[in-house]
Amino acid sequence: MIRNFDIALIRTFATVADQGSMTIAANMLHMTQGAVSQQIKRLEDMLGCALFERDRRGLRLTEAGERLRGNARRLLALNDEIWDDMTESTVRGGVRLGVPYDLVGATLAPVLKSYAERHPQVEISLVCASSPELLEELGKGTVDLCVAEEPYGTSQAECLAVERLVWVGAKGGNAYRKVPLPISMVADTCAFRSSVFAALSKDGLRWRTVFENGNIEATTATVRTDLAITAWLASTVPADLDILPVEQGLPELPVFSINLHLPKSGATPQALELARHIREGMMRPRQSAAA
């Protein structure tokens, strides 16, 4: 008897395991929560053991689930490697990618490096701007695809990751104690701006903006020197800055999703291939801040 794993079941399991939530996994996989639950149940029936259990903190892996997660990662990586090797075709031309300022570095740099190595004939042009501006550029056709940060659940685009929006301040800083609260945002078009100010208003806190001129290095400098605090996705916070807990009197901020947007029609082959690299790179196991 030949025994085998359904790659789709393994990918669903790995996504739920990494996100710690069937709801978030369903959104990322473009499935209903019921379908995700059914696939997990089918996999558990195949293996004859429970992979998840619920406690007061939510969904967590059982001992068997922890063992499977490591093997699932290896199986998915090998599956993707074989697929790439057997289906690779020459892609040429240029591709214009829109990326928010804060995702250019550690988040997307490895993905872009991998794409450039795989397709040296393609010239990649990066356009950095706020997410609302990038979506406008995509609509006008001045970028071929873009990654955008949007409030979770508000977009029909492909969800690559779900992250907590957090308050960020200087190590041992006191800016968060000041009244009015000094806030530094990268730009007045920042995707986080309205959510941040809505949270402050809801809690009745006074604030003032220190910087909004479209330069992430300058924003980081205002925070690092304790002139202000800011709000970023948890995974993008530099190691030399602090994530400020809401216990410090700051309001809780909403969850955001990192979404992949392609034009509604006419995506080029090089854009589709870059989208695949971004999708696979972003959806590889990574610690979710929303779990």
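## Backbone features in two loops

Pro180 is found in the loop that connects strand S6 (158-170) with strand S7 (181-184). In this predicted model, the peptide bond leading from Val179 to Pro180 is cis, and its omega is near -5 degrees.

Although Asp226 is not a glycine, its phi is positive, at about 65 degrees. Most residues other than glycine have a negative phi, and most peptide bonds are trans.

## The two sides of helix H5

Helix H5 spans residues 109-118, and its buried residues are Val111, Leu112 and Tyr115. Viewed down the axis of H5, these buried residues fall within an arc of 95 degrees, so they line one face of the helix. Lys113 and Glu117, on the other side of H5, are exposed.

Three cavities of 30 Å³ or more are present in the structure. The largest cavity holds about 140 Å³ of space.

The lining of the largest cavity is made up of 19 residues; Tyr101, Asp102, Val186, Cys190 and Phe192 are those that lie nearest its centre. By class, this lining comprises 12 nonpolar, five polar and two charged residues. Helix H8 and strand S9 each contribute at least two residues to the lining of the largest cavity, and S9 provides the largest share, three residues.

How values were computed. Residues are numbered from 1 along each chain as its sequence is written. This is a predicted model: local features need pLDDT of at least 70, side-chain atom pairs count only at pLDDT 80 or more; totals for chains, interfaces and linings use all residues. Side-chain values use heavy atoms; hydrogens and water are left out. Buried means under 20% relative accessible area, exposed over 50%, partly exposed in between (1.4 Å probe, protein chains only). Helices (H or I, at least four residues) and strands (E, at least two) are DSSP runs, numbered from the N terminus. The arc is that of the directions from the helix axis to the C-beta atoms. On a 1 Å grid over the protein atoms alone, a cavity is a set of points where a 1.4 Å probe fits but cannot get out, and a pocket is an open set with protein on both sides within 12 Å along at least five of seven lines; lining residues have an atom within 4 Å of a point. Grid points are joined across faces, edges and corners, and a volume is the space filled by probe spheres set on the points. Ala, Val, Leu, Ile, Met, Phe, Trp, Tyr, Cys and Pro count as nonpolar, Asp, Glu, Lys and Arg as charged, and the others, Gly among them, as polar.
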